[in-house]
Amino acid sequence: MERNKATDYPQELLNIFDRYVHGEISRRTFLDAAAKYAVGGMTAMAIWESLRPNYAWAEQVAKDDPRLKTEYLTVPSPLGNGKIRGYFVRPANAGKIPAVLVIHENRGLNPYIEDVARRLAVANFMAFAPDGLTTAGEYPRSDEEGAQLFTKVDENKMIQDFLASAEWLKSRPDSNNKLGTVGFCFGGRMVNTLATRLPDLGAGVAFYGTQPTAEDAAKIRAPLLLHYAALDTRITSGWPAYEQALKANHVTYSGYVYDGTNHGFHNDTTPRYDEAAAKLAWQRTLDFFNKYLRS
């Protein structure tokens with residue numbers, strides 16, 4: 001299947017799809033709204049299918065890459081849901097290295113997020129990508145089912161699961177005792193949240209994540225790197241106030257708004273992917289982690 005680009009669709013249609021992805025409208029409502037854009041033999045259902053992720057496109061680093069050691073591990077989470085399972089990756093031949101927690105979107109631990117973990121490992125980090133859906137049956141290999149399962153997990157307990165994962169990862173004997181975290185969409189919001197809860201967080205990188213309150217932002221001590229999409233007004237509109245709060249509390253941060261990009265521009269499985277912005281944001285992410293987690 002050929003990968004379309006965001007520019008192949010009217011921006012209004014992409015905005016409607018964004019509302020569907022984030023649970024604001026049902027698939028039926030999206031299809032009804034998309035019908036007006038169904039021209040040239042393209043049905044509303046075909047539009048929906050073309051906007052959905054194709055995870056075959058996400059594999060930038062092969063699952064069996066000989067440079068890496070990969071495994072699924074379960075971490076105890078006594079204050080959360082009892083346990084959380086995740087995907088652990090590290091270079092096959094490395095000593096003590098920095099650890100990075102990778103937090104998924106509002107669908108669970110999908111193949112794109114697993115590939116992000118592998119991308120970190122080939123850059124000489126160890127990465128753990130926990131599945132917030134562990135106690136709801138784990139990521140079900142379908143984004144639509146994953147979204148439904150998400151509503152069945154208590155978010156406060158899921159946050160505790162991520163906190164337990166962070167502590168476990170940082171304290172591993174093969175860690176250099178420095179922890180970063182990166183997240184996307186829901187995961188971006190979780191990076192902002194964990195930054196308010198983890199005083200010893202070494203660095204946080206949030207891709208298009210909603211922002212904490214000014215009161216919570218005052219608790220942040222970690223350096224932050226924040227990536228936003230210019231066309232994602234739903235999320236990016238909160239950035240000016242967040243930046244003001246970070247400045248007021250003397251938090252070290254860098255923030256970027258990528259022109260012409262949509263929410264999800266780093267996710268290379270959908271038409272909203274923007275290759276130039278994604279590559280630039282990822283290089284900035286690696287540079288940021290290298291700066292704050294290796295010194």
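Q: Leaving aside its neighbours within four places in sequence, which residues is Ile-220 in contact with?

A: This is a predicted model. Beyond its neighbours within four places in sequence, Ile-220 touches Ala-195, Thr-196, Tyr-242, Leu-246 and Val-251.

Q: Which residues have the most contacts inside the largest nonpolar core?

A: A nonpolar core is a set of buried nonpolar residues joined through their side chains. Here the largest one has 41 residues, and those with the most contacts inside it include Ile-220, Tyr-242 and Leu-246, along with Phe-162, Leu-169, Leu-194 and Leu-226. Helix α6 gives the most to this core, with 6 residues. A second, separate core has 37 residues, among them Tyr-87, Val-102, Ala-129 and Ala-281.

Q: At what angle do the axes of α6 and α7 cross?

A: The axes of α6 (residues 155-170) and α7 (residues 186-197) cross at roughly 70° and come within 11 Å. Angles from 65 to 115 degrees count as roughly perpendicular, which makes α6 roughly perpendicular to α7. On the α6 side, the residues that meet α7 include Phe-162 and Leu-163; on the α7 side, those that meet α6 include Met-190 and Leu-194. By class, this contact has 7 nonpolar, 2 polar and 3 charged residues.

Q: In what order do the strands form the sheet?

A: Strands of a sheet pair through backbone hydrogen bonds, either parallel or antiparallel. In this model, 8 strands form an open sheet with mixed pairing, in the order β1-β2-β4-β3-β5-β6-β7-β8. Strands β1 (68-77) and β8 (253-258) are at the edges with a single partner strand each, so one side of each has no neighbour in the sheet. On average, neighbouring strands are turned by 20° against each other, direction ignored.

Q: How many bridges join β3 to β5?

A: The parallel strands β3 (residues 97-103) and β5 (residues 175-184) are joined by 6 bridges. Ile-97 stands opposite Ser-175 in β5. Helix α6 packs on the sheet, touching β1, β2, β3, β4 and β5, and its direction makes about 125° with that of β1.

Q: Which residues of helix α1 are buried?

A: An α-helix has 3.6 residues a turn, so residues three or four places apart point the same way. In α1 (residues 11-21), the buried residues are Leu-13, Leu-14, Ile-16, Phe-17, Asp-18, Tyr-20 and Val-21. The buried residues of α1 pack against α2, α3, α5 and α9. Just after α1, Gly-23 takes a positive phi of about 80°.

Key
Residues are numbered from 1 along each chain as its sequence is written. Side-chain values use heavy atoms; hydrogens and water are left out. Axes are lines fitted to C-alpha atoms, for helices over the stretch in contact, and angles run from 0 to 180 degrees between N-to-C directions. Helices (H or I, at least four residues) and strands (E, at least two) are DSSP runs, numbered from the N terminus. Angles under 35 degrees count as roughly parallel, over 145 as roughly antiparallel, 65 to 115 as roughly perpendicular and the rest as oblique. Contact means heavy atoms within 4.5 Å. Ala, Val, Leu, Ile, Met, Phe, Trp, Tyr, Cys and Pro count as nonpolar, Asp, Glu, Lys and Arg as charged, and the others, Gly among them, as polar. Two strands pair if DSSP finds at least two bridges between them. Buried means under 20% relative accessible area, exposed over 50%, partly exposed in between (1.4 Å probe, protein chains only). A nonpolar core is a set of buried Ala, Val, Leu, Ile, Met, Phe, Trp, Tyr and Cys residues joined through side-chain atoms within 4.5 Å.
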